[in-house]
Amino acid sequence: MTMHAHPGWDPHRLRQLHDATAPPSAEQLMPANTDIDLLWTGDGLARGLAEMTRDKRPPRFLPVSGPSLGSAAERWLMARTCQRRVATVGQLVDDPLVRGFEERVDALRRMSDILGGTDVHALSITELRITVRLLRTGIHNDIHQARLYAVAAELARLAGWAMYDVGQYGAAQRCWLVALRAAHEAGAPALGANVLRCMAEQATWYGQPADAVTLLQSAQAGARSVLSAIERAVIAADLAVAHSRTGHRVEAAAATTLAYSLINEVRPERNPPYMYWAGRKDISFAAGEALLSGGDPDRAIPHFQAALDDLDGLDDEFPRNRVEFLTRLGVAHVRTGGADRAIALGHEAITHAATIDSGMTRRDIARLCQEIEQAGHAGAAALVDHARRALGPAEVAAASS
């Protein structure tokens, strides 16, 4: 992306906000879908979980796209009913024990809104290691075993989300592929659909929106009969953004309309625990992002503002969301000639970003800094300096070109 200098602005400042998460060039990297055929064999899941939970530093992977990524969803859709093997000796796994794991997973989900990706990954892998041991050696009936596999799926999904946060996109995909397989083993198609949704979000934001459409449509097809209203609403909202980024504005508008319709059907008591974070704010944000991506920032602004207004009622529970909403609203203002407003939103976003160790927030701020810099606004230099002081020059990721 070309940078346009203006008086008082050093074009090298933004480059100093560089993503430090790129793997060393000398490291031999494997595609994230390496041995995916084995993952779906009888003992493939055990192998995949063992890879994730080994003590040594986890391997890095290259992210995949196109058919290599879509084949994961296809395998999930076509896989036969799982055949579980029950251990005859080992620790008794009863309802209180399984419920304890489920409660800790729920707590970890919520901690991910406050902790950064590195800490969440470490905690997820620790919990997953114990869960895997119980699956391998414990005495449990089919119901408890299925619930443990669901726990494993969620822990692997959270580990993937943590890798996504720190910018290790191939490692994130690898975790999600294992999570998808574990969700199938648990007999939990809604969990699998949520894994595909996470994979789709990364694909949407980092250059493969067409892949995201495929993943989201597969999520709908594979779990349509069991998805709650909130899950269907969020998938529709994500489809709106993905369609917009592929240039399909009619489909994007239809998906936005569907998402707003579905959010009105939501009954919170029916929401699955892993969707605790989702609400009208997320539908409004996605509607704004679809319009912004489609070249209509004026119409996007009210949706972004509505998302922030809804978030205000949740206090400071979601600092990562707040940074995302503020920065995308800022980008919309820049594109409508309101750079002064965007500068103010940027400073507010940086203040909130300093409360969470998140690569996502740094990437969001860097994108806004680039937009303001390209608009030639004199306040861009002070904004970047604020980001460097608050977040660290090597920790703020450069925006995607």
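Colleague: How many helices and strands does the protein chain contain?

Modeller: The predicted model shows 18 helices and two strands in the protein chain. Of its 401 residues, 55% count as buried. Among contacts between residues at least 6 apart in sequence, 77% join residues at least 24 apart.

Colleague: Why is C198 called buried?

Modeller: Buried means under 20% relative accessible area. C198 has a relative accessibility of 0%, and therefore counts as buried.

Colleague: What makes C369 buried?

Modeller: The relative accessible area of C369 is 1%, so C369 is buried by the cut-off of under 20%. C369 also belongs to the set of α17 residues that meet α18.

Colleague: How many disulfides does the structure hold?

Modeller: The structure holds zero disulfides. The criterion for a disulfide is a pair of cysteine sulfur atoms within 2.5 Å.

Colleague: Why are α17 and α18 called roughly antiparallel?

Modeller: Helix α17, residues 359-374, packs with helix α18, residues 380-391, at an angle of about 165°. Angles over 145 degrees count as roughly antiparallel, and α17 and α18 are therefore described in that way. Their axes are 9 Å apart, and α17 passes α18 in a left-handed crossing.

Colleague: Which residues meet where α17 packs with α18?

Modeller: From α17 come R362, I365, C369, I372 and E373, and these meet A380, L383, V384, A387 and L391 in α18. By class, this contact of α17 with α18 has eight nonpolar, no polar and two charged residues.

Colleague: What makes α13 roughly antiparallel to α14?

Modeller: The axes of helix α13 (residues 280-293) and helix α14 (residues 297-312) cross at roughly 160° and come within 8 Å. Since the cut-off for roughly antiparallel is over 145 degrees, α13 is roughly antiparallel to α14. The crossing in which α13 passes α14 is left-handed. Residues of α13 in the contact include F285, L291 and L292, and those of α14 include F304, A307 and L311. The contact of α13 with α14 divides into 10 nonpolar, three polar and five charged residues.

Colleague: Why is D35 called partly exposed?

Modeller: Buried means under 20% and exposed means over 50%, with partly exposed in between. D35 has a relative accessible area of 48%, and is therefore partly exposed. D35 is found in the loop between β1 (30-31) and α2 (36-39).

Colleague: What is the phi of D35?

Modeller: D35 has a positive phi of about 60°, although it is not a glycine. Most residues other than glycine have a negative phi.

Colleague: How do you know that A79 is partly exposed?

Modeller: The relative accessible area of A79 is 25%, so A79 counts as partly exposed, the class between under 20% and over 50%. A79 is found in the loop between α4 (67-78) and α5 (95-111). Not counting residues up to four places away in sequence, A79 touches W40 and H184. A79 and W40 are 39 residues apart in sequence, and their C-alpha atoms are 8.0 Å apart in space.

Colleague: What makes T214 partly exposed?

Modeller: With a relative accessible area of 37%, T214 is partly exposed because that class lies between under 20% and over 50%. T214 lies in helix α10, residues 209-223. In sequence T214 and P67 are 147 residues apart, while in space they are 9.8 Å apart, C-alpha to C-alpha.

How values were computed: Residues numbered from 1 in each chain as written. Predicted model: local features only at pLDDT ≥ 70, side-chain atom pairs only at ≥ 80, totals over all residues. Heavy atoms only, no water. Buried < 20%, exposed > 50% of the residue type's maximum accessible area, 1.4 Å probe, protein only. Axes fitted to C-alpha atoms, helices over the stretch in contact; angles between N-to-C directions. Helix = DSSP H or I, 4+ residues; strand = E, 2+ residues; numbered from the N terminus. Parallel < 35°, antiparallel > 145°, perpendicular 65-115°, else oblique. Left-handed = near helix turned anticlockwise from the far one by under 90°. Contact = heavy atoms within 4.5 Å. Nonpolar A, V, L, I, M, F, W, Y, C, P; charged D, E, K, R; others polar.
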